Amino acid sequence: MDGGGNAGHQFRAASITLSPMASTHKLQSPKGTRDWFPAEMAVRRHVEAAWRSASIDCGFDEIDGPTFEHLELYTIKSGQGIVNELFSFTRAGGEDTYALRPEFTPTLARMVAARAAQLPQPIKWFCLPSMFRAERPQRGRLREFQQWNVDLIGTGGAEADADVIATALLALERLGLTPRDVQVRISHRDAVGNILRRLGVVDEKVAAAFELLDRRDRVDAAEFVKRATELGLDDAARTQFDRVAKTTLPMTTDVAELAEAVDVPVADVEPLAPLRERLGAMGLAEWCRWDLGIVRGLAYYTGMVFEIHEASGAERAVAGGGRYDTLIELFGGPKMPACGFGMGDVVLSLVLVDRGLLKGAETGEFLPRPDVFLVSAGSELAERTLLKTESELRRKGFHVRRSYKATKNVGKLLGDAAKMRARFAAILDDKLADGVVTLKDLDGGAQHELRLEDLASALRGGG
């Protein structure tokens, strides 16, 4: 849901003349981007299918917005400092400045604000956009990536929060992941704010304390002590602050036990209780943990926040989100409660590979399987019949491939069919003069002859 990165760039249209030397220069994709060859694209569609089906089954409708927006859309929420983190540009001869989208939440807020009075509530939307961040590529982070966004707007409380989390988990479960592989780390900014104030952080510095807590694992000990002292924390308070940041407990732990673990009154962590009850009733407690070190650094979060991590903690967060009840109003709309999350494909793919859930991806195992591969033995009749049969079967809804070679070496063509992972091969040879074809089951190896007009029925019946 959020971006980051390097300096912006200005793109201008220009004519390009290739020199004779150009043909010897090996062109590559820009650093931090990916080429999507068929096998890789099939895996991407596999992941997107889980995202889309989980969204729809949980009652969310699909939307999308522009790949680029007015730069102002991002500075409204994040200030001018974000400009250096975006791919921004000015059209040649134009005055407006634009930016490739680093996150979808501002676009979502703009869209809701524009039609808030007409939209039925609650608003349940999802999208699968491409995102762009002008930052140094590294493991788990690229400059261009796919992201799944899910947002529920117009209703507040634990019911909506739990529905959003449940949608994320449904997709991960459909991809083969279990509570042993990923965990939802849940916190609440009100609860953490209560604890910080009790430790001595004044209201004006709570936001800075949230930022330090969010970066706790990325600053060294000396820097942590320095910044914590600037927040007004003495030695004892810093020790407890560090303890709060590092305490994680199963969601089966009730809020009283959580309060005892971080040595605060139960009232400080009471905002977490309704969500615990809701997720427990949905049978999802096993997937979830309390983690008061999660606050999400972005200032627009207002309540429950969460991140989904690979269970061992070896990777960056798979997803992150929470409640943002003031954002729609910031973009000119009415005050509306809202919560949502973003899940990128880069870290998720690393986790799926590590768990062996993308085996065979490089050899095309995720590519769609043809229902039938048509083989011609080379006669004029076979060639003519192949083209007509191919067209008729496709119009009947079958996925049909064929050989572009005509040879009496049918075995070689059957090898091509097997490489494409076709379920059946239909061989058009000399028997075609009697209206007969041979249908071979490429999974089981059995084959039999049948009338050409019965081929569609045979394929529909599994052979």
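The legends below describe close-up views of a predicted model.

**View 1. Trp51 and Trp148 form a stacked aromatic pair.** The whole structure contains seven aromatic pairs. In the pair of Trp51 and Trp148, the ring centres are 5.8 Å apart, with 15° between the planes. Trp51 belongs to helix α1 (residues 38-57) and Trp148 to strand β7 (residues 144-153), so the pair ties together parts that lie 97 residues apart in sequence. Both Trp51 and Trp148 are buried. These two residues also belong to one aromatic cluster, together with Phe306 and Phe341.

**View 2. Phe224 and Phe241 link two helices.** The ring centres of Phe224 and Phe241 are 5.6 Å apart and the planes meet at 20°, so this pair counts as stacked. Phe224 is in helix α7 (residues 221-230), while Phe241 is in helix α8 (residues 235-246). The two residues are 17 residues apart, and the pair links distant parts of the chain. Phe224 is buried, as is Phe241.

**View 3. Two charged side chains lie over aromatic rings.** The charged end of Lys124 sits over the ring of Phe60, at 4.6 Å from the ring centre. Arg402 lies over the face of Tyr404, and here the distance to the ring centre is 4.2 Å.

**View 4. The second largest pocket is lined by 25 residues.** Its volume is about 510 Å³. Closest to the centre of this pocket are Glu40, Val43, Ser349, Val353 and Leu358. The elements that contribute two or more residues to the lining are α1 and α13 (345-354). Helix α1 gives the most, with seven residues. By type, the lining of the second largest pocket has 11 nonpolar, five polar and nine charged residues.

View 5. The structure holds zero disulfides. Cys58 is partly exposed, with a relative accessible area of 25%. A disulfide would need the two sulfur atoms within 2.5 Å. Cys127 has a relative accessibility of 1%, so this residue counts as buried.

View 6. Pro122 is placed in the loop between α3 (105-115) and β5 (123-127).

**View 7. Asp263 has a positive phi.** The angle is about 60°, although Asp263 is not a glycine. This residue is in the loop between α9 (255-261) and α10 (266-269). Asp263 has a relative accessibility of 52%, so it counts as exposed.

**View 8. Arg421 has a positive phi.** The value is near 65°, in a residue other than glycine. Arg421 is in the loop between α15 (410-419) and β16 (424-428). Arg421 is buried, with a relative accessible area of 18%. The cut-off for a buried residue is under 20% relative accessible area.

Technical notes
Residues are numbered from 1 along each chain as its sequence is written. This is a predicted model: local features need pLDDT of at least 70, side-chain atom pairs count only at pLDDT 80 or more; totals for chains, interfaces and linings use all residues. Side-chain values use heavy atoms; hydrogens and water are left out. Rings of Phe, Tyr and Trp (its six-membered ring) pair if their centres lie within 6.5 Å; planes under 30 degrees apart count as stacked, over 60 as edge-to-face and the rest as tilted. Helices (H or I, at least four residues) and strands (E, at least two) are DSSP runs, numbered from the N terminus. Buried means under 20% relative accessible area, exposed over 50%, partly exposed in between (1.4 Å probe, protein chains only). A charge sits over a ring if NZ of Lys or CZ of Arg is within 6 Å of the ring centre and within 35 degrees of the ring normal. On a 1 Å grid over the protein atoms alone, a cavity is a set of points where a 1.4 Å probe fits but cannot get out, and a pocket is an open set with protein on both sides within 12 Å along at least five of seven lines; lining residues have an atom within 4 Å of a point. Grid points are joined across faces, edges and corners, and a volume is the space filled by probe spheres set on the points. Ala, Val, Leu, Ile, Met, Phe, Trp, Tyr, Cys and Pro count as nonpolar, Asp, Glu, Lys and Arg as charged, and the others, Gly among them, as polar.
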